[in-house]
Structure formats: C-alpha cells, structure tokens
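Subject: Structure for your review

Dear colleague,

Please find below the structure for your attention.

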Amino acid sequence: MTIEQDDLSHAEMAALAKRVDRPIALIGMMGVGKSTVGRKLAALLQLPFADADDEIEEAAQLSIGEIFERFGEEYFRDGERRVIERLVEGGPGVIATGGGAFCQEETRQLLLEKAIPVWLDADLDVLVERVGRKDTRPLLKDRDSREVLSQLREARMPFYRQAPIHITSAGGPHQATAMRILKELDSWL
Ligand code: S3P
C-alpha cells in the first residue's frame, strides 16, 4: 500500500476508530465497490466487516438471484431489512449494503438513525465497467446494464443524497477511496 502525505497515521486511525460509536453503512449503486472498499475500511479501523448481501444469502441458504427468482423483489427487500437490522444491532463496524437497501423507507430510517450512512458514488462509466465483472445481479440479468444503471441511479439519487457523508470514487484504487472515507469521517464525527 502506498502511503500518501496526508493519509491518516496508524495512531490517528486508532483514535478515530474509538470515536466510531455506530456502524458505518456503505450505500450506493451496484458496482461502485461498497464491499471491497468496506472490507478495506474495516481493516484500517480494525473493526468487523459484514456484507449484507452475503448475510442474506447465508440466512436464506439461497443466492440473491434465486431469492429474486423464487420469491420476488418484495420478499428480498423484507429479508434485507431484517438482516440489516440485525447487523446494525451488532454495534460499531462496517456494513456494505446492497444498492437498493437505502431506497426502502424502513431500512433507510433505520440506517439514518442507528448507523452512519456513507454514500459511495461513481460515474456511470465506472459503474458499467465494474458490474461487467460479475453476472449474478438479478436486476441486470438479460438487460442492458448501462440503461438499467442509468435509470436506477437517477431514481435513487434523492435517497442516496440523504446520507450525511458523500464520497465519489473516480475508479481508482479502492484503498484510496477507503482512506478518503476515513478523512471525511474524521471531520464529520
Ligand atoms: C441490488 C443490489 C445488489 C443486491 C441485489 C439488488 C439493487 O447489491 O442487493 O441484487 O437493488 O441495487 P450490490 O449493490 O452489492 O450489487
């Protein structure tokens, strides 16, 4: 890892971690890098990490694709809310949420009240390039990903904007994005 001049030192990160009194919830579009950035952020803060989608799959013993296919999106959203509720109750840590979670009224209120929502955003080109690496997302299955992502991003923007912290990822290394979140947190907390 390259250490930049203005990066937080280990001591500063440890001091910051002590001030994190709630889970940090990464929100934002599919492909923006919530899981990878979240894992790095948790490692830097030495806090536990959880990926809500993985936890949903674990609880249902089904893949996200299978849940959508067999039971539909509404059922998935209900399970997603319950899983996020449980993760939030776990206290300080980093949670990567699925792209639609923060657009559900109850889940959003829960995250706004009991977590620190951090909106990770990126240009459409970056999102399109990154979702191309994985073909397991039911909302993109057999559809033009640029078109779907563009529409969803537009529709979800008013929700995402409600997050108190906003970071744009320019498509560079995830480590650099994690470091930028730390700096924002440091001044926000
Ligand atoms: C979704 C995003 C996915 C997953 C599900 C629905 C969405 O998570 O929760 O496929 O509605 O945007 P990622 O954002 O981690 O891809």
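Is Gln175 buried, partly exposed or exposed? The model is a predicted one, and in it Gln175 has a relative accessibility of 21%. Gln175 belongs to helix 9, which spans residues 174-188. Its C-alpha atom lies 6.8 Å from that of Val37, although 138 residues separate Gln175 and Val37 along the chain.

Overall organisation

The protein chain contains nine helices and five strands. Read from the N terminus, these elements follow the order α-β-α-β-α-α-α-β-α-β-α-α-β-α. Along the principal axes, the C-alpha atoms occupy a box of roughly 50 × 35 × 30 Å. The radius of gyration of the protein chain is 16 Å, in agreement with the value near 16 Å that a compact globule of 189 residues would have. Of the 189 residues, 48% are buried. Where contacts link residues at least 6 apart in sequence, 75% of them join residues at least 24 apart.

Helix 6

Helix 6 covers residues 105-114, and its buried residues are Thr107, Arg108, Leu110 and Leu111. Viewed down the helix axis, these buried residues fall within an arc of 160°, so they line one face of helix 6. The exposed residues Glu106 and Glu113 sit on the face turned away from that buried side. As for packing partners, the buried residues of helix 6 pack against two helices and two strands: helix 5 (73-89), helix 8 (145-160), strand 1 (24-27) and strand 4 (116-121).

Helix 3 and helix 5

Two packed helices are described by the distance between their axes and by the angle between those axes. For helix 3 (residues 52-60) and helix 5, the axes come within 9 Å and cross at roughly 110°. Helix 3 is therefore roughly perpendicular to helix 5. On the helix 3 side, the contact involves Ala52, Asp53, Glu55 and Ile56; on the helix 5 side, these residues meet Phe76, Glu80, Val83, Ile84, Arg86 and Leu87. Classified by residue type, this contact of helix 3 with helix 5 comprises six nonpolar and four charged residues, with no polar ones.

Yours sincerely

Note on methods: Residues numbered from 1 in each chain as written. Predicted model: local features only at pLDDT ≥ 70, side-chain atom pairs only at ≥ 80, totals over all residues. Heavy atoms only, no water. Buried < 20%, exposed > 50% of the residue type's maximum accessible area, 1.4 Å probe, protein only. Helix = DSSP H or I, 4+ residues; strand = E, 2+ residues; numbered from the N terminus. Arc of directions from axis to C-beta. Contact = heavy atoms within 4.5 Å. Axes fitted to C-alpha atoms, helices over the stretch in contact; angles between N-to-C directions. Parallel < 35°, antiparallel > 145°, perpendicular 65-115°, else oblique. Nonpolar A, V, L, I, M, F, W, Y, C, P; charged D, E, K, R; others polar. Rg over C-alpha atoms; globule rule 2.2 N^0.38 Å.
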